Amino acid sequence: MEFISQTWHWAISGFLIGMVMLILNYFGKVFGMSSNLRSLCAMTGIGKKVPFFDWDWKSQRWNLAVVAGAMIGGFVAVHFMSDASNVTLNPKTVEQLATLNIEAPNGKLLPESVFGTAALQSPKMIFILLLGGVLIGFGSRYAGGCTSGHAISGLSNLQLPSLKAVIGFFIGGLLMAHFILPLIF
Amino acid sequence: MNLLRYIIVGFIFGIVLTKAEAVSWYRIYEMFQFQSFHMYGIITVAILTGLVGIQIIKRKQLKDIDGNPIVIQDKEKGNMRYWIGGILFGLGWAMVGACPGPIFILLGAGFWSVGLVLFGAVFGTFLYGLVKDKLPH
């Protein structure tokens, strides 16, 4: 059963993600995760005040069902399909992280020093997590999609707008990873 | 509407993204440092798989599960929204090492602090809805 608990190869993982998108196409839908954030807003009834959220989120219930399934999948994979060999990074990355006071993964998906209970005692970390979220939510809706909607669905359908968005994702990501993260951590 | 099939697809998606470690803060950091091919490999193979599948769908004019032709709408034309929105999204993606799919998956897996990221993301979506008409698209 080792092949299940170890890190899945990028080729197998990529193929399965592509298949997930195609299966949703076969169901007559388009793969995209960030529009669920719009549904969550619309569900509160805020559409009466902000027209952007006055839309039929119930027609998007299928996508919320995908989210529910993904959450269960994440739970099963983390609790029953993991082992200590997971998240084996490039040793150079581990060294670099140490200079930012972020510990090596040792099988963990997330660093305790950013997401752990102790880290959340720090107002700075709470602010970072919230602000990161705001940028993700605002940016994905402004760009009309995120990694799933633009990088996977859009690029595989040869959409020029998606290429612009994905180049934007990487410009923003590289700026953050190389110039801003070293300042804030 | 039968939601079960969507829950099953989502379940597979959640497992794959977790086992691929695409939900890992560390993998996103490593990707943006160009220190591993792993994430680039995942994204490239996913796109190539989708590309081949969509070409087959279009050329054979395949029908969906309900018997309707599969139509995948083109994205709206535009410039500013894709560049600016894309850059803002990228800043957030690298800042917290997660995009919308992984945010939900990590929360389901029991990483409660990711709830702060989700709260921020819902709020950011709300902010966009609020100021949308004043922004260049």
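## Helix pairing between the chains

In this predicted model, helix α2 (residues 10–26) of chain A packs with α1(B) at an angle of about 160 degrees, and their axes lie 10 Å apart; axes here are lines fitted to C-alpha atoms, for helices over the stretch in contact, and angles run from 0 to 180 degrees between N-to-C directions. The two helices, α2(A) and α1(B), are therefore roughly antiparallel to each other, a term for angles over 145 degrees. Helices are DSSP runs (H or I, at least four residues), numbered from the N terminus.

In this pairing A:Ser13, A:Leu16, A:Ile17, A:Val20, A:Ile23 and A:Leu24 of α2(A) meet B:Val9, B:Ile12, B:Phe13, B:Val16 and B:Lys19 of α1(B), where two residues are in contact if their C-beta atoms, placed from the backbone, lie within 7 Å. By class, the contact of α2(A) with α1(B) has 9 nonpolar, 1 polar and 1 charged residues; Ala, Val, Leu, Ile, Met, Phe, Trp, Tyr, Cys and Pro count as nonpolar, Asp, Glu, Lys and Arg as charged, and the others, Gly among them, as polar.

## The whole contact

Between the chains, the contact takes 106 residues from chain A and 101 residues from chain B. Elements giving two or more residues to the side of chain B that touches chain A include α1 (4–19), α3 (38–59) and α6 (114–131) of chain B, and this side has 60 nonpolar, 28 polar and 13 charged residues.

## Helix α3 of chain A

Helix α3 (residues 35–43) of chain A is mostly covered, with 7 of its 9 residues buried, that is, having 20 or more other C-beta atoms within 10 Å of their own, with C-beta atoms placed from the backbone. The buried residues of α3(A) are A:Ser35, A:Asn36, A:Leu37, A:Arg38, A:Ser39, A:Cys41 and A:Ala42, and what covers them includes α4 (61–80) and α7 (123–143) of chain A together with α5 and α6 of chain B. After α3(A) comes A:Gly45, whose phi is positive, near 85 degrees.

## Chain A overall

Chain A has 9 helices and 0 strands, and buried residues make up 49% of its 185 residues.

## Basis of the model

Residues are numbered from 1 along each chain as its sequence is written, while chains are lettered from A and ligands numbered from 1 in the order in which they are written. Because this is a predicted model, local features need pLDDT of at least 70 and side-chain atom pairs count only at pLDDT 80 or more, whereas totals for chains, interfaces and linings use all residues.

Key:
Parallel < 35°, antiparallel > 145°, perpendicular 65-115°, else oblique. Buried ≥ 20, exposed ≤ 12 C-beta atoms within 10 Å, placed from the backbone.
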